[in-house]
Amino acid sequence: MTYRNGGDLLVAVLKELGIDTVFGIVSVHNLPLVEAVDRELRFVPVRHEATAVNAADGYGRARGTLGCALTSTGTGAGNAAGSLVEALASGTSVLHVTGQIESRFLGGARGFIHETKDQLGMLTAVSKYAATVPDTANAGRLLREAAATAFAAPGGPASLEWPIDLQYAAQHDGNAAAPAAGTPDPDRAELAAARELLASARRPLIWAGGGANRARRELLDLLRASGAGLLTSNSGRGSVPEDHPQVIGNFATTPAARALLADADVLVTVGTHFRSNETADYALRLPEAHIQIDLDAAALGRVHPARHALHADAARVLPELTASAVPADADWTARARAVRDEVRAALRDAIGPQAAICDALAAALPPGSVVARDVTIPSSTWGNRLLPMHDPRANVFPRGGGIGQGLGMGLGAALARPGAPTVVIAGDGGLAVHLGELLTLAQERPRLLLLVFNDGGYGVLRNTQDRYSDRRSGVDLLTPDFEGLAAACRLPYARIAAETDAEPVIGRALAADGPVLVEVDLASLGPMKTPFTPPVKIPTA
């Protein structure tokens, strides 16, 4: 096939991939791409390149597919890099196409407009895959190769830089499909030993991470056959719907869950990397009888020793384990169910008046609706644990821990699922990182409830400094008048200042056919019972 220019080729490949919406910023170094996408698909002009990648990330997560972002070269690609770090950390599939200066000037260090030193090296450092389009005969092949690499489990971002002269040129596409990625087969002796160990278990536990999200049916079969309790990482939430009575959830570091881990005779972990904030900074103790399943060979035994390490696709290996599983002792399964109730009740009590907001969201949101959370105290306490998840595609949050990404992710998710409401939980400090995206929200008008928890700064770090230091540094911020800000952006506004406000305000906002900004006035609402501090080590004298 011959295409008039690179933009027409890009559109053809995106249509092959089932992508109908692209996020980005127009530039002299991507103009042919943006014009073609805007003409044939939906181009969403965000206000910052970081948001383009975050929105593509959220779009891909919500659909369980691939998202696409277009950025400019140099500064534009650099702005996107932080969000590519997030997609890499979370293993989410993003196709990032960025411009590049004219091919004859590449590497010349002339100071060509938008030129940067070794842009490909920068993209390689923050992407699963990175390449430069070298000519007009290979752009289609590289686009398909990048997309296939991004989507292959475990996922990640793929970046392709495209010199502007080659974008304008006619493209000659061989339509060659990218080679299919293979999956490893587990060592048969290790699998046999793991099956024998699981068959002996009477007090089993399972821990599901993000790698379990592509093996949901198989995981549920094992849960039913074994009678185990199910712990999850944040990434594994929704791999089994959290209304299932055996799902304890993202509570591994609570006293009751630690006691379960101490008494379990076998632990099966599925695609989790035991992140520091989910293991009490690696202080959490796991059973020695540990069967670990992961597609990433480097993850096996990296944090916790594994008696049987299975380098395999969970969807392929879990049925073999299930065939060997026997029902747990009845009192063990009952204990796991009791722990599930205990940890939720304790957290609900600890968050004080914010429980009313969590309850109102849980009651009003249709099951499977996306809840995108920025890194803020409500997310770190109850949003990542107590607010129920029924589908991993609804569980959108920055797994790498960077603030300011929640609104962009929520925008992408809302446009991926226009028929259902999307919620974004953000703090005033994190939202300020990308306030300009309120204009994108107003322009695109998705069905999105933006809940802004206003405590006048960086609450997590303020609590940390109050606990460990005798002064505050850099944590108290000027907070905008959110009602006036919403009016300036032509966004509907409401305020929650008391527990009794939560149900009616959230109900009306979720029923709206467009975006609504709801400010949660934390000074008026009242504090949690215990100030939240993150699970990191702070040296003290």
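Trainee: Which residues are exposed on the other side of H8?

Mentor: Exposed means over 50% relative accessible area, buried under 20%, and partly exposed in between (1.4 Å probe, protein chains only). On that side of H8, the exposed residues are Arg-188, Ala-189 and Glu-196. This is a predicted model, in which local features need pLDDT of at least 70 and side-chain atom pairs count only at pLDDT 80 or more, while totals for chains, interfaces and linings use all residues. Residues are numbered from 1 along each chain as its sequence is written, and side-chain values use heavy atoms, without hydrogens and water.

Trainee: Which residues of H8 are buried?

Mentor: Leu-191, Ala-194, Leu-197 and Leu-198 are the buried residues of H8. They line one face of the helix, because they fall within an arc of 125° when seen down its axis; the arc is taken from the directions of the C-beta atoms from the helix axis.

Trainee: What covers the buried residues of H8?

Mentor: The cover includes helices H9 (216–226) and H11 (314–324), together with strands S12 (266–270), S13 (290–294) and S14 (308–311). Helices (H or I, at least four residues) and strands (E, at least two) are DSSP runs, numbered from the N terminus.

Trainee: Which residue caps the N-terminal end of H8?

Mentor: Asp-187 does, with a side-chain oxygen 3.1 Å from the backbone nitrogen of Ala-189.

Trainee: How many residues has the largest nonpolar core?

Mentor: Such a core joins buried Ala, Val, Leu, Ile, Met, Phe, Trp, Tyr and Cys residues through side-chain atoms within 4.5 Å. The largest has 76 residues, and those with the most contacts inside it include Trp-162 and Leu-450. Helix H15 (residues 406–416) supplies its largest share, seven residues.

Definitions and conventions. Contact means heavy atoms within 4.5 Å. A polar contact is a pair of N or O atoms within 3.5 Å; within protein, one must be able to donate a hydrogen and the other to accept it, and residues adjacent in sequence count only if both atoms are side-chain atoms.
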